[in-house]
Amino acid sequence: MAALKDVAIIGYAQARNERRAQATEVQFLFPVINEALEMSKIPRREIGFTCAGSCDYLSGQTFAFVMNLEAVGAWPPISESHVEMDGAWALYEAWVRLQHEDIDTALVFGSGKSSPGPPAEIFPLQMDPYTLTPLGLDPVSIAAIQGRALLDAGKVTERQMAEIAARSRRDAMKNPYAQVTGDFDVDELLAQPYIAAPLRMHDIPPISDGACAVVLATAEKAREVCERPAWIRGIDHRIEAHQPGMRDLTTSVSTRLAGDAAGARSAPIEVAELSATFTHQEPILCEALGLGDDVAINPSGGALAANPVMAVGLARIAEAAKQIVEGGHGRTVGHATSGMCLQQNLVCVLESD
Amino acid sequence: MSHEPCAIVGFGQTKHKKRRDDLSLPGLVREAAERALDDANMTWTDIEAVVIGKAPDPFEGVMMPELSLADALGAVGKPMMRVHTAGSVGGSTSIVASSLIMARRHKRVLTVAYEKQSEGNAQWGLAGGRSGGMGAGGIFAPWMQSYIRASGAPEHIGWKVAVKDRLNATKNPYAHLQLPDITIEKVRESPMLWAPIHFLESCPSSDGAAAMVLTDEEGGRAASKPPAWVLGTAMRSELGSFPGRDTVRPQAGVECAHMLYDAVGITNPREQIDVAELYVPFSWYEPMWLEGHDIAGPGEGWKMVDSGETELTGSFPVNPSGGVLSSNPIGASGMLRFGEAAQQVRGEAGEHQVPGAKVALAQAYGGAAQYFAMWIVSSELHPSLS
């Protein structure tokens with residue numbers, strides 16, 4: 001791969017995650033996009049490329065993303081595209097587009113309203129329609145299989161999983177966008193019943209309605225408008241075999257490949273924001289990215305504190321950028337995932353100047 | 001040009017049919033992808049990344065199908081992206097794939113688009129899963145009426161486009177509809193669906209897939225068959241509904257075309273472009289896009305149709321493949337336009353080849369005629385655009 005052009009995150013914003021937003025997706029996207037643009041100091045009309053990530057099946061209607069154009073204000077017409085993926089992949093597409101050098105800014109957003117439909121009925125449709133969807137494997141049940149494999153391999157204990165949940169919820173108390181927050185005692189968490197053994201309620205992400213927007217700029221533009229940009233030092237994504245039985249669920253090969261290609265291991269990471277939607281996925285991802293005990297994991301509370309599907313991965317990248325822009329850190333990583341049991345993963349390494 | 005040149009070195013498509021019940025979804029995309037790889041003289045291991053596109057997931061009832069198609073498309077261990085921009089998606093997907101090459105991110109990219117309409121009910125899907133849907137024809141019919149009123153076009157123009165595209169399709173073995181006996185009279189006498197659109201002026205529902213292999217300049221120069229060079233790409237979107245919107249000649253379509261012409265150095269598209277594959281799901285959209293993309297002046301598009309200029313043997317052939325009117329696997333329909341344009345300049349279009357085609361335009365549109373994707377390809381990387 002050729003040398004990359006420097007691109008930075010110069011603006012970001014998130015919606016306050018809610019279990020059941022009264023507003024429509026367009027309504028809660030609108031202020032998020034405005035806020036990200038305001039932070040970037042780039043006038044809406046000057047944005048060179050816009051890319052969105054969302055999913056028809058969440059809102060239960062076809063072409064749901066078309067409505068989201070209203071939140072961007074696509075008049076006069078804009079140069080625009082959409083991925084039926086987490087907004088993190090929209091960021092990837094925009095980052096690639098910025099490498100062409102004919103434009104210098106891009107607006108990216110991801111949004112999802114999970115509340116209208118029951119995830120246990122919708123997400124089995126994400127599996128192979130011939131062999132897996134008919135089994136009705138819901139996300140929690142299949143994650144429980146992964147959690148069990150990890151426990152059996154001795155890579156995690158139920159206590160460690162509860163500690164991850166307690167830490168995430170405690171950290172989330174400082175995150176105004178988080179949904180599940182508070183100070184929880186690990187023993188009390190472990191006294192709760194299983195939802196799908198070995199997973200208890202605290203091991204499972206909340207159902208969230210939310211959105212995230214990010215503004216990207218090439219080097220010259222970023223320096224012109226931004227005091228402390230978060231530079232994208234590397235970004236890559238990989239997919240694995242679909243059938244969970246074809247994979248070793250206790251590791252994440254695709255995260256390791258993407259992380260290595262993005263340079264995650266080439267220098268120490270200070271903060272990692274990981275889309276570990278289930279507690280046991282955090283150690284899998286840490287191992288795949290080579291993150292040691294000295295790395296702060298998910299100071300935002302992560303996906304266990306708010307899980308706005310289609311925005312949660314982009315929100316991790318935004319939080320990783322925030323650690324550089326507002327938190328004074330030098331090198332962070334944001335991670336996004338797609339599919340069951342970490343089938344597809346994206347890693348974005350960010351640095352300060 | 002600061003970006004890496006992009007070449008199309010392989011193209012493949014399925015036989016499009018009403019029902020490909022001989023193939024699963026992985027089988028369908030694989031049939032097109034393997035043909036594209038064979039055409040490029042490559043194997044799965046040569047591919048660095050996969051970009052897949054299709055129209056709404058509820059059309060087949062599979063949510064984010066890239067996840068279950070990753071294995072069939074040889075994507076395991078590689079980057080895989082999924083594009084969705086309504087009807088323009090096959091075009092946008094091609095553009096996203098070319099962007100990966102132009103950005104020097106990858107040297108060899110496979111892109112695939114598909115729809116298996118027989119697995120679901122597109123009319124239901126187009127209505128957003130609600131009852132009382134008008135169908136795409138119901139949405140577009142008033143705008144076609146509006147064009148007819150403003151341009152003074154005679155009603156046989158639509159029939160003529162329908163006959164031309166279906167006769168072109170008889171020269172394309174992959175095309176769904178094979179209607180060698182079609183006549184103006186038969187189109188006129190076919191049932192009225194949405195005035196002014198008769199049954200035979202409307203696209204079919206098809207199962208099908210299209211695929212392309214794209215490479216960098218080195219790959220294009222080393223290709224075993226002549227490549228098509230991507231001279232420029234453009235995407236434009238606008239809101240679907242607001243007071244004062246020009247739905248007949250949407251501003252996004254005008255700007256998309258001019259952005260592309262400017263990038264490529266086209267000042268007189270009608271003269272400088274040899275052949276066009278335009279997204280014409282209903283007959284009247286041929287003259288509407290000829291004007292909507294400033295290939296013809298206001299009120300001149302239908303005259304190009306009437307004088308036979310858009311026929312295979314005309315001065316500006318449109319849809320020599322038979323177009324969307326002959327095959328409409330929705331998600332793939334845009335990529336078929338983009339791939340057929342490439343085949344024309346590669347000299348690989350077979351019986352529907354436009355002799356000596358050097359510069360070809362492809363276009364796809366979607367939503368309420370609000371999403372546009374276009375590219376221009378050429379047999380030469382730096383053609384003299386006379």
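1. Helix α11 (residues 285-292) of chain B is mostly covered, with 8 of its 8 residues buried. Here buried means 20 or more other C-beta atoms within 10 Å of a residue's own, with C-beta atoms placed from the backbone. Helices are DSSP runs of H or I, at least four residues, and strands are runs of E, at least two, numbered from the N terminus. Keep in mind that this is a predicted model: local features need pLDDT of at least 70, side-chain atom pairs count only at pLDDT 80 or more, and totals for chains, interfaces and linings use all residues. Residues are numbered from 1 along each chain as its sequence is written, while chains are lettered from A in the order in which they are written.

2. What do the buried residues of α11(B) pack against? Their partners in chain B are α5 (135-151), α6 (156-169), α9 (251-264), α12 (301-306) and β10 (359-366); contact means C-beta atoms, placed from the backbone, within 7 Å. Just after α11(B), Asp294(B) has a positive phi of about 55°.

3. On to the chain pairing: 50 residues of chain B are in contact with 51 residues of chain A. The largest share of chain B's side, 5 residues, comes from α3(B).

4. α3(B) also packs on helix α14 (residues 330-346) of chain B, at an angle of about 60° and with the axes 5 Å apart. Axes are lines fitted to C-alpha atoms, for helices over the stretch in contact, and angles run from 0 to 180 degrees between N-to-C directions. That angle makes α3(B) oblique to α14(B), because angles under 35 degrees count as roughly parallel, over 145 as roughly antiparallel, 65 to 115 as roughly perpendicular and the rest as oblique.

Methods: Buried ≥ 20, exposed ≤ 12 C-beta atoms within 10 Å, placed from the backbone. Contact = placed C-beta atoms within 7 Å.
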